[in-house]
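Please look over the sequence and the model shown here, then read on.

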Amino acid sequence: MNSHRHSKQHRVRSSALPQTRSATTEAPWVRTVLISLATGFLALFLLMPLFTVFIEAFRSGISAYFSTFEDRFIRHSIRLTLLTAAVAVPLNLVFGVAAAWAVTKFDFRGKSLLVTIIDLPFAVTPVIGGMIFILIFGAHGYLGPWLEGVNFQVVFAFPGIVLATTFGTVPFIARELIPVMQAQGRDEEYAAMTMGASGWRTFFKVTLPNVKWGLFYGVILCNARAMGEFGGVEVVSGKISGKTNTMTLQIQQLYFDYATVPAFATASLLAILALLTLLLKNIVERLSGRES
Amino acid sequence: MSIKAIQISKTFGTFKALENVSLEVPDGKLVSLLGPSGSGKTTLLRILAGLEFPDSLETSRVLFHGKDVTAAPAGRRGVGFVFQHYALFKHMTVESNVAFGLNSLPRKERPAKDVILTRVCELLQLVHLDGLGGRYPSELSGGQRQRVALARALAMNPKVLLLDEPFGALDAKVRKDLRRWLRTFQEEIKVTTIFVTHDQDEALELADEVVVMNNARIEQVGDPQTVYDRPVSPFVIEFLGNVNRFVAGVGSETKDREKDVLYVRPHDVELEPEDHETHAYALKAKVQHVFSAGNYGRVALERVGTREPFEAEVSRERLRELDLVPGRVVSVIFRHVRLFPKGEFLEADIRDGSLVASTSSFSAKTMYS
Amino acid sequence: MNDTSDSNDISSAFGRGGKAPRANRRVLPGFGLSLGFAVSYLSLIVLIPLAGVFLRASEISWEEFWSIVTSRRVVASYKITFGISLAAAATNAVFGLIAAWVLVRYSFPGRRIFDAIVDLPFALPTAVAGIALTTIYAENGFLGQYLYPLGLETAYSRIGIYIALTFIGLPFVIRSLQPVLESLDKEVEEASATLGAGRWRTFFRVIFPAILPAWLTGFSLAYARAIGEYGSIIFISGNMPLRTEITPLIIVQRLENFQVAQAAAVAAVMLVASFAILLVINVLQRWSESLGQARG
């Protein structure tokens, strides 16, 4: 997948004489129109919102921007978000590796069903991802009364936030790993086994080095998605500022309270995280493309 | 239709694919562009087709039957092109593939539907694929796909047929059959045909004329017999068939002996028992291995003294007579040798024990006419 | 990969260890462990909780269920959610095709940047996108100030929902098409050219059929993603019942009013729709892969 991202054979290099343009490219005016349409579309929908975040965040100056992060509630929301990701991402990492190993190294019935189920949280609205845990752990949920008995709060508390976040980010690491491990095939693992390596040794010394970049990007993407999770945590957290508000919920509250600069300043942190994720994706793609 | 390419140069970035190449192909001939990969043969073919264009449209010229088509796009040259990997349209049936060109004609020139259908049926018959029109390319064998590609290229009644490595993707057996079929087929339809290959057997067996290319240049043009028997450069002799190579000549009169290279084809190497009455140009060699399969046996030898390895091809009978086993020393006589001292070459036959040599000089860019 | 070549199935991953004869055919270890863990994890985090939705929805009578999921306000929300998602996915299908083509085929200044930024909606939290888009398209916003005088009320309207959903679904068509466009056999286009077809005909008759499955996959992914979208919409839509209220918001409101069964009923409808689209995507992806294999 990654290697042909770099093929340039189709690309038109310089403008050849019009009457001798290659049989596989378009007239210069068509190219100009298409390039304008595409870049216009991408600029309108991607660059403009991105710039807006930073413009609004710095609207009242740099000191106003930084003073945002002295706010106790915003600080708490950042801490809560980091903590949530710190639990959800490792969980999905272990799951992603196990699922990718099962799916790519073995043949079994029901495999495509399994892959579809991994995708499920991606297709389901995040709202449902929060609601399901209310149905189970909420005061009127199936386990609600029992949880109350042992005095353990899931809904409107940290465990609920972690569950909703984990649900929403289940697919990301597995979905990055499976195609990479599929492309890798099984021969190297077979070779390692014939040389008497143990399963774990084979995994850490043979499989992992081959897929490290795909895994790395999967973790980074999963992290960005975990920190940005909104619909699910909104439902399950109860939105208590300073207690159960994650960054995105804090942004929502600030925005609806017309605290525009703090809202965008907090949002800018998540935007920077998103940009770093994209940057890493590009680096990883170039690195893995060079290796193969 | 005759084809003339004049002073074609083509560079890709810093890579020189063609350097001042000129070529003329007379009407109705079957010509092969033969050379190793990177020699520029495919680039030349693609320039003839209009899929690439020469670096300069001023100095380079491509003429089809005297008409300048240098800058004409691929679709306007009246060429049929068969791609190395066939490039069939996978989502179309065989029939739609073959009819594609006719259906691409402007409405005014396009034949009626039933005319197109009749034409497609004729073409499929011509390539022995009648009845397979409804199939998809994925349901055909490699050889069948190749013939669909050919039928598709022929549908527009091309004046020139260009084939890029037409048998490259087929296995050995199919390749041989299809090769023979193409030969008779071309004789039937008599369309000027140029095909690219890196397989010397294919070029020699199939073509009326062989154009040997190397390093962005044409080395030699000639009929198969000529290029095989009278190669003009070390490259040609080395590329066409097995050849033994000796540095420093055997009694050549050239002064600059250091740079002499002497070539002998294995079948021009004669072996005699060691104690055989030797003549002036015989040398001694030790047998290394004997491979015998088929009508001929190949003997790997090592020259006594210099330890130069070389090979001889002898009949099985002779093999038995000589009773060759590894380690045995034999007398070796070269029936026919070729010497290349700096651009010139010297051809030598050994008759009655003496070297009969003749020199002639060739320019590597000799134009075929 | 051949799913049926081996007689393993999910059930064999549990319990029975290496002594069953069929286990010998598995060369690598860890089948039971990895599949067992993956299935248990999915069951705990995804399947059992999702089943809870249907279970809770089934606690009410069929008539009651039907009246909830077909009530006027809910039906209006379906129309908004599914209808505007369709419009947004269609927009992405058209512009995504152009963008993918341009990014793969042409070189122009900034190409790498544009290519890299395509994934932004995937990485940027939807809430951040929501407040940014609302700010741009509000009446006094960067673009809104020009659009409102033209009668285009871009924020707190269906147009706003459309803009947000287009943003959300943007990467999918492009990212589905790019690898397919890159792996297209150049020779096939040249063959079309030597047969006298112009670029338009080559595109519609030769290239388009080859990228169609990937294009539809991208469209479906964008559609699926748009239907479930919540975070960005609640900022830009204004959330007016019957006019700009999306279905996920209905679920949230019912939950906030402790109408859990009602929420579950509407959620069940959304889940079924998501399953259906996911199924379609799976079929499309397999079609796309089979074309890719025929190509190689």
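Contact, in what follows, means that heavy atoms lie within 4.5 Å. The model is a predicted one, and in chain B, among contacts between residues at least 6 apart in sequence, 62% join residues at least 24 apart. The secondary structure of chain B comes to nine helices and 20 strands, while buried residues make up 51% of the 369 residues in chain B.

Chain A is described here through its domains: chain A is divided into domain 1, covering 20–57, and domain 2, covering 62–291. The contact between these two domains takes six residues from domain 1 of chain A and 10 residues from domain 2 of chain A. Taken over C-alpha atoms, the centres of domain 1 and domain 2 of chain A are separated by 32 Å.

What do carbon and sulfur atoms give of the area buried between domain 1 of chain A and domain 2 of chain A? That area is about 620 Å², and carbon and sulfur atoms give 84% of it. On the side of domain 1 of chain A that touches domain 2 of chain A, the residues divide into four nonpolar, one polar and one charged.

| Pair of domains | Count |
|---|---|
| Domain 1 of chain A and domain 2 of chain A | zero salt bridges |
| Domain 1 of chain A and domain 2 of chain A | zero residue pairs in polar contact (both at pLDDT 80 or more) |

Definitions and conventions. Residues numbered from 1 in each chain as written. Chains lettered and ligands numbered in written order. Predicted model: local features only at pLDDT ≥ 70, side-chain atom pairs only at ≥ 80, totals over all residues. Heavy atoms only, no water. Domains from an automatic or database assignment. Buried area = accessible area lost by both parts, 1.4 Å probe. Salt bridge = Lys/Arg side-chain N within 4 Å of Asp/Glu carboxyl O. Polar contact = N/O pair within 3.5 Å; in protein donor to acceptor, adjacent residues only side chain to side chain. Nonpolar A, V, L, I, M, F, W, Y, C, P; charged D, E, K, R; others polar. Helix = DSSP H or I, 4+ residues; strand = E, 2+ residues; numbered from the N terminus. Buried < 20%, exposed > 50% of the residue type's maximum accessible area, 1.4 Å probe, protein only.
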